[in-house]
Amino acid sequence: MKLHRIDATQADFYAPLNARLALELSTQAHVRQTVAKIIDDVRSRGDEALLHYSRTLDATDADSVAALRVPAEKLELCWSELGDEARYALEVAHERIRAYGEAQKLTSWSYQDEDGSTLGQQIQPLDSAGIYVPGGKASYPSSVLMNAVPAKVAGVARVVMVVPAPGGEMNPWVLGAAHLSGVDEVWQLGGAHAVAALAYGTQTIAPVDKITGPGNQYVAEAKRAVFGKVGIDMIAGPSEVVVFADDSADPRWIVADLFAQAEHDEMAQSILVTNSRHLAEAVDSLLEEMLSEQPRAKIIRTSLLDRGATVLVKNIEQGVEVVNHIAPEHLELMLADAAMIVPQIRHAGAIFVGTRSNEVFGDYCAGPNHVLPTSGTARFASPLGVYDFQKRSSVMALSEAASLALSPVAACLADAEGLHAHALSARLRGE
């Protein structure tokens, strides 16, 4: 197996690169219709509809919505039974994510104008937030930490977690992480009906102000549909990594990092950008050998063959241009002068500087959030952070002098827009 090669020394290399990057993210009609029906049903019938979907889609046998809530005692029990090694790993990750979040936290500010007016911004946490964690028998405690910890650092009073529990089975790592993170409510719910319950509430579950966290296409579409009623973090596509490397990089480490991204699913994308033909050949020569050792080899192979690529660039400068064009979710800089390149990177969700800073550490425990913009949206979007669970209010306290000075200015502009009551309000302050 070899990675699809794109030669950036050719005149029109962006055409094949864009073709490789292209991904149809539009939701299929039947998904939109199904999600719309579920949301409308939960919105109108509340608990009755939620219980119906829980039984039919989550395969639970609960006799009420209240029975779907996981008691705090169970969360604590799962935490205590995880074992020393597991608790240590979660505690280290939790502390690093918390410390990074504390540095992100926005604070209120103000200044006094020369006319004696006070202008500023007040920062407040959201009252509530809902976090969606993929569940069932799968274990995603990192998703719990990456969503719940920033919310708690921001000061959100009520953090509600929903997690699918097919047949009532829940992963102890997920519940233990919820206990460690201080999640206030945990519900055995998944899919579009869980998102609807968080957005609109039911007789038993109170609604939240914002919903974050990953999920399948039904969850993504549900988040898109309820946006406006509540806030959301983003609509995420398949995960992706760009490894930007030169001859100083170890090809085995590069292959391992490409594999780590590709094993997520067949739609994940792993791209190598390099100015070294020798390195590109070395990476290709290791693919089959190292793939044979991977339990998820079939998924990795499909991902690399369908969406993987090596972009061979003329020099580091052109490599920077290519990286900014891709605007990747994860960017690894395996370069001799990696730190010098960072200021030139305009578009990337997360930047990993140097060969020791691999993306996997970012996934779990380095500190920065792993909820990142995908599919080129790093051009305008940012990682999930504490600031996503805070809101800003502008504050204005005008002095008498400012009111008198601004009265004719505001009145003139109001008249120009034909808003004469506005003009009256402004002129009265000038009398």
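1. Both faces of strand S12 are covered: His 330, Glu 332 and Met 334 on one side, and Leu 331 and Leu 333 on the other, are all buried. Here buried means under 20% relative accessible area, exposed means over 50%, and partly exposed lies in between, with a 1.4 Å probe and protein chains only. Strand S12 spans residues 330-334, and five of its five residues are buried, so the strand is largely enclosed by the rest of the structure. Strands and helices are DSSP runs numbered from the N terminus, a helix (H or I) having at least four residues and a strand (E) at least two.

2. The model is predicted, so local features need pLDDT of at least 70 and side-chain atom pairs count only at pLDDT 80 or more, whereas totals for chains, interfaces and linings use all residues. Residues are numbered from 1 along each chain as its sequence is written, and side-chain values use heavy atoms, with hydrogens and water left out.

3. On the overall fold, the chain has 17 helices and 14 strands. Its C-alpha atoms fill a box of roughly 80 × 60 × 45 Å, taken along the principal axes. Of the 431 residues in the chain, 49% are buried. Contact means heavy atoms within 4.5 Å; among contacts between residues at least 6 apart in sequence, 74% join residues at least 24 apart.

4. Strand S12 pairs with two strands discussed here. With S9 the pairing is parallel and runs over five bridges; with S13 (residues 350-353) the pairing is also parallel, over four bridges. Two strands count as paired if DSSP finds at least two bridges between them. Leu 333 in S12 is the bridge partner of Phe 244, and Val 353 in S13 is the bridge partner of Leu 333.

5. Glu 240 deserves attention. The residue lies in strand S9 (residues 240-245). Glu 240 is buried yet has no salt bridge, and the nearest side chain of opposite charge, Arg 307, is 5.6 Å away. A salt bridge is a side-chain nitrogen of Lys or Arg within 4 Å of a carboxyl oxygen of Asp or Glu. Leaving aside neighbours within four places in sequence, the contacts of Glu 240 include Gln 261, Gln 269, Glu 329, His 330 and Thr 374.

6. Helix H5 (residues 84-104) has 21 residues and reaches 30 Å from its first C-alpha to its last, close to the 30 Å expected at 1.5 Å a residue. The expected span is 1.5 Å times one less than the number of residues. Its buried residues are Ala 86, Arg 87, Leu 90, Ala 93, His 94, Ile 97, Gly 101 and Gln 104. Seen down the axis of H5, these buried residues fall within an arc of 135 degrees, so they line one face of the helix. The arc is that of the directions from the helix axis to the C-beta atoms. The buried residues of H5 pack against helices H4 (72-80), H6 (141-154), H7 (172-181) and H15 (359-364). On the other side of H5, Asp 84, Glu 85, Tyr 88 and Ala 103 are exposed.

7. The structure holds 16 salt bridges. Asp 84 is exposed at 61% relative accessible area, whereas Arg 87 is buried at 19%.

8. Arg 45 is partly exposed at 29% relative accessibility, and Asp 41 is buried at 14%.

9. Asp 233 forms a salt bridge with Lys 223, the closest N and O atoms being 2.7 Å apart. This pair links distant parts of the chain, with Asp 233 in the loop between strand S8 (231-232) and S9, and Lys 223 in helix H9 (residues 217-226), ten residues apart. Both Asp 233 and Lys 223 are buried. Elsewhere, Arg 5, Glu 281 and Asp 284 are linked in a network of salt bridges.

10. Finally, Ile 131 lies in strand S4 (residues 128-132) and counts as buried at 0% relative accessibility. Not counting residues up to four places away in sequence, Ile 131 touches residues including Val 144, Ala 148, Val 160, Val 183 and Thr 212.

How values were computed: Lys and Arg count as positive and Asp and Glu as negative; His and the chain ends are not counted.
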